[in-house]
Amino acid sequence: MTASIIDGKVIAERVREQVRQAVARMQEDYGYTPGLATVLVGENPASTTYVRSKRKTCEELGIRSVGSELPADATQQQVEHLVAALNADPAVNGILVQLPLPKHLDEEAVLNSISLEKDVDGFHPVNIGRLAMKGRDPLFIPCTPYGCIVLLEESGIPIRGAEAVIVGRSNIVGLPVAMLLQKRDATVTICHSRTRDLAEHVRRADIVIAAIGQTEMITGDMIKPGAAVIDVGINQKPDPTAKRGYRLVGDVDFESVKEVAGAITPVPGGVGPMTIAMLMKNTLRAAEIALAKRDR
Ligand code: NDP
């Protein structure tokens with residue numbers, strides 16, 4: 001069997017197009033433009049690139065983008081002051097603090113200081129708490145996990161009743177994706193670095209989500225025939241033939257897994273493009289919430 005490829009670029013463009021149209025309607029009907037504020041502390045090259053592409057996507061979709069930059073030695077108070085100002089700014093619907101923050105800053109306190117209704121990254125503890133609770137829904141779903149679910153749904157992969165195995169339990173990917181799958185009635189197993197016999201768990205899965213940060217760790221012999229495999233990992237693999245001396249690969253060994261799986265996301269071009277698309281969708285939602293309040 002050769003797996004069908006889940007094309008994240010195509011699905012992300014579909015999401016972006018929906019957002020673009022909804023933003024245009026909001027402008028036309030209410031004269032209201034959604035706004036996203038990005039907060040970048042320091043000059044981490046990866047963070048700078050991420051923020052730039054988030055701001056560019058905002059512009060493409062008609063969302064106002066407000067960029068704030070602080071030096072790498074900014075104090076906790078400076079960062080929280082900035083967040084407070086953005087919380088109070090009615091032109092800002094969503095606030096995205098680019099992680100990781102420099103080590104001397106208390107990341108948790110900064111995330112807690114973001115207004116719940118502007119938490120478009122979905123990392124506020126109240127949002128995560130609602131995600132974990134039965135019968136409750138968060139205002140915003142964290143973007144990468146949300147993207148994984150949309151990839152499955154748009155590819156027609158059944159989630160209800162499916163055995164889902166998530167490898168990785170981080171706050172930003174593994175744990176929220178597990179909670180989302182459970183909310184959609186999958187039977188969920190979460191594996192991590194202390195899991196005994198990882199392969200045995202993964203082999204039972206109808207849906208595998210790999211969010212590990214380990215180059216091509218999930219191999220074809222670990223996959224149940226026909227399973228859907230979502231590869232969140234982004235790793236640099238040395239490659240002397242590549243211009244940069246490396247190429248990007250996932251946590252899944254694409255070549256061996258595609259021979260066994262029913263569906264698989266590539267890296268790049270799978271989960272990656274979804275993350276920004278879902279951020280745009282969350283920003284639109286934040287604007288809808290603000291608009292509903294304004295017109296009440
Ligand atoms: P973390 O390092 O925070 O978490 C990794 C998880 O994998 C941990 O739970 C860890 O277990 C587990 N793990 C590590 N080694 C093993 C192992 N040998 N066997 C089983 N489990 C293991 O990473 P993130 O969740 O932040 O990111 C995961 C990957 O996803 C990275 O490659 C990252 O670059 C990528 N990523 C991609 C995004 C996108 O937009 N496509 C967005 C965010 C991340 P333990 O808890 O026991 O330490």
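1. Contact here means heavy atoms within 4.5 Å. Helices (H or I, at least four residues) and strands (E, at least two) are DSSP runs, numbered from the N terminus.

2. Basis of the model. This is a predicted model: local features need pLDDT of at least 70, side-chain atom pairs count only at pLDDT 80 or more, and totals for chains, interfaces and linings use all residues. Residues are numbered from 1 along each chain as its sequence is written, and side-chain values use heavy atoms, with hydrogens and water left out.

3. Geometry and faces of H3. The helix runs over residues 76-88, 13 residues in total. From first C-alpha to last it reaches 18 Å, close to the 18 Å expected at 1.5 Å a residue. The expected span is 1.5 Å times one less than the number of residues. Which residues of H3 are buried? They are Val79, Leu82, Val83 and Leu86. Seen down the axis of H3, the buried residues fall within an arc of 95°, so they line one face of the helix. The arc is that of the directions from the helix axis to the C-beta atoms. An α-helix has 3.6 residues a turn, so residues three or four places apart point the same way. Gln77, His81 and Ala88 are exposed on the other side of H3. Buried means under 20% relative accessible area, exposed over 50%, partly exposed in between (1.4 Å probe, protein chains only).

4. UniProt positions are in the numbering used here, feature names are shortened, and annotations may be inferred rather than shown by experiment.

5. Thr38. This residue sits in strand S2. Thr38 is buried, with a relative accessible area of 2%. Setting aside neighbours within four places in sequence, Thr38 is in contact with Val51, Arg55, Val66, Gly67, Ser68 and Leu96.

6. Under "binding site", the unreviewed UniProt entry lists Gly168, Arg169, Ser170 and Ile234. Gly168 is found in the loop between strand S5 (163-167) and helix H7 (174-183). Arg169 is found in the loop between S5 and H7. Not counting residues up to four places away in sequence, Gly168 touches Gly174, Leu175, Ile190, Cys191 and Ala211. With neighbours within four places left aside, Arg169 is in contact with Gly174, Leu175, Ile190, Cys191, His192 and Arg194.

7. A polar side-chain atom of Arg169 lies 2.7 Å from an oxygen atom of the ligand. For Thr275, a polar side-chain atom is 2.8 Å from a ligand oxygen atom. Ile234 instead places a backbone N or O atom 3.0 Å from an oxygen atom of the ligand. A polar contact is a pair of N or O atoms within 3.5 Å.

8. Backbone points to check. Most residues other than glycine have a negative phi, and most peptide bonds are trans. The bond from Leu99 to Pro100 is cis, with omega near 0°. Pro100 is in the loop between S4 and H4. Val267 and Pro268 are also joined by a cis peptide bond, with omega about -5°. Pro268 lies in the loop between strand S11 (263-264) and helix H10 (272-294).

9. Positive phi. Asp197 has phi near 50°. Asp197 lies in the loop between strand S6 (187-191) and helix H8 (198-203), and is partly exposed at 45% relative accessible area. Glu216 has phi near 45°. The place of Glu216 is the loop between strand S7 (207-210) and strand S8 (228-231).

Note on methods:
A polar contact is a pair of N or O atoms within 3.5 Å; within protein, one must be able to donate a hydrogen and the other to accept it, and residues adjacent in sequence count only if both atoms are side-chain atoms.
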